[in-house]
Amino acid sequence: MKKTIIKMPSEEGTTSQSSSGDTKRKVSIITEPVVERLGHDNLAFEQNKRKISQQSHHSEDGPVRRKSNMHNNNFDTSSINSDRYNGEAGGRAKKQSFSEALEKIERDFDNTKLEQSWIYSLCMRCRVEYTTPSWEPPGWQKICPYPLCPSYRQFARILSIVLIGVLLWVTAYVIIGDSAAPGGQLFQLVVLTVAANFGGFLISLTTLPRLIGMLMVGILFQNVGWVNLDGDFQIVTAELRKLALVIILVRAGLEMDPTAFKKIYKTILKLGLIPWFVECTLIAVCARFFLELPWMWSILLGSIVGAVSPAVVVPCLFRLRTKGYGVVKGIPTLIIAVAGIDDAVSVAGFGIISSIMFSTQSLGLQIAQAPVCIIGGLGFGVVWGFLCKYVPEPGDAYVVPIRTLMLFGGGLLAVFGSEKIHFEGAGPLGVVFAAFTASYFWCGQGWELEDNPVSTAFEIFWMIFEPILFGITGASIKIAELDPHIVSIGVGSIYVVAVMRILTTVAIAFGDKLNLKEKIFVAISWMSKATVQAALGPVALKTVMENENRTEEEVHYAELVKMVCILSIILTAPLGAILISVTGTKLLKKTKQQLEPMDGWRRSHRPSLHDISIIDEEEEREDIEGIADEDTAANTLSNAQPAAAFTITK
């Protein structure tokens, strides 16, 4: 009887002697440098790039395992299921009748044809994935088949919103009367809000920001004659803008990370203040010499137009972040942090300038407006934020709704109260710092910045007020009344100043461990305008119209400010969103491991600010893909060394 001896020599080429002295046959694993191939012998080991012996047959695309002559290439393993498999010896599959086979072929053909159609792609884009178990009535799929119809959860949500809206409208009609009746101004506002929300949804399917669709719906309704919000109803729209402004400022304060701000405050202040100041100055100069506005009105316009819109920037950056672009250096979160500082400075500057312009006090009090607004706003914000640390008690079962109402109520008090005492600049600054201070203390008590339930509540508020704000902003544009000369000057000034801001940002971003492509992307990201312009653009006109001693020139100046602000939204918001989405994949480096979006609705688009790492990195990692690939190749080569040789004797 022949023996088989298997030995594990340390080096290739070693032979062994059997006790019977038979001729020995040596079999060894032949190694070659690892080469990446297009094909693989086993798809299960595709990621490991498993090496096969040289005796294997190869195709043009790479190594392919030799198949048996009995192998059927067209065999569908999915057709072997439990109800058709014969459990007897031999394990043969049950025969399928001709009619069953024909039905299966037709069903597979229909499914394939449906999945390749544009209707299927559109329906899948509109669907929402749920992370919690869902229930639906029996027979729902027969009435509303997947994916052509919404799920029962989506249908029930829409139905509940419609029912709530109907109940609120009936209540408002009973209380208010004709204004809430069909044809009344309040009814028109409700219809405009619903239509703007739907328009934003349609635009979001193209990956553009929702606010663009909302703005277009407002313009359409106004110029077709479907809505009229002029007259006494302008008081209502003005107060709604202030409510939206409070929500914007609170969200900006809650997004600012105290820890990250402390680590890279120099970068945030440099990139946030200098480009804003340059853009504000250039817009003021263009308005003074091309639009013939007085210097104070020109500076007021510059302070509004200089603000960056988080509503445009954040969703686009979140999509790039989830795909891994720019995550290594924290570029998306740096842009968001700077945008928050930018908005706070714009709103505070607008408030201070408007306080000086429309103040009826003495010259000395007008000069004292700026320091009083700054000190008063900061003081109110710190005190109110510190109060929110202890009220309510952190262990209270209703701590989230009470803290939400505390911040919202404090913001309303700051904005409306500062306006009442004629120090409008202090209010917005106080709102931002109240939210920032409260968030700092709440994080110290155990809450996480990127999963703050109060931020989630204000996201819900913004979902309600966003279509209202941009709907009424678009409805204030009357195309027939626009002066083509003024529009052409405004368009040219906005684009020229945007280019100058981009060049300024690229020039001053030295020492921040950003390469040239990343600097260009960061600069492009800050060209989008929307939220602050929509909230503050009509404020000057509203203030002038409330003044009994107003002049025709002041009304004309205020209308020019509003027109330029709206033009800045229309011209920069779509273009900025497109440029961020297109250039992000070209200018930013991508990590191998993509970041998965957060589950549920709580984190709709807020990336964490904790991963800002541009300044305090001890070693800059220029190319994480290259590092990962080098490590992988080294491990692969070490594993591919001849570790064993098998000696088989007959």
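Trp 297, Leu 301, Leu 407 and Phe 521 touch the most other members of the largest nonpolar core, which has 115 residues. A nonpolar core here is a set of buried (under 20% relative accessible area, 1.4 Å probe, protein chains only) Ala, Val, Leu, Ile, Met, Phe, Trp, Tyr and Cys residues joined through side-chain atoms within 4.5 Å. The model is predicted: local features need pLDDT of at least 70, side-chain atom pairs count only at pLDDT 80 or more, and totals for chains, interfaces and linings use all residues. Residues are numbered from 1 along each chain as its sequence is written, and side-chain values use heavy atoms, without hydrogens and water.

- Beyond its neighbours within four places in sequence, Leu 301 is in contact (heavy atoms within 4.5 Å) with Ile 283, Ala 287, Leu 293, Val 561, Val 564 and Cys 565.
- A second, separate core has 6 residues, including Ala 498, Val 506, Ile 524 and Met 527.

**Helix pair α18 and α19**
- The axes of α18 (residues 484-508) and α19 (residues 516-525) come within 8 Å and cross at roughly 140°.
- The contact involves Ile 502, Thr 505 and Val 506 of α18, and Leu 516, Lys 519, Ile 520, Val 522, Ala 523 and Ile 524 of α19.

**Backbone in loops**
- The peptide bond from Val 391 to Pro 392 is cis, with omega near 5°, and Pro 392 lies in the loop between α14 (369-390) and α15 (399-420).
- Glu 292, in the loop between α9 (265-289) and α10 (295-305), has a positive phi near 60°.
- Glu 292 is exposed (over 50%), with a relative accessible area of 61%.

How values were computed: Axes fitted to C-alpha atoms, helices over the stretch in contact; angles between N-to-C directions. Helix = DSSP H or I, 4+ residues; strand = E, 2+ residues; numbered from the N terminus.
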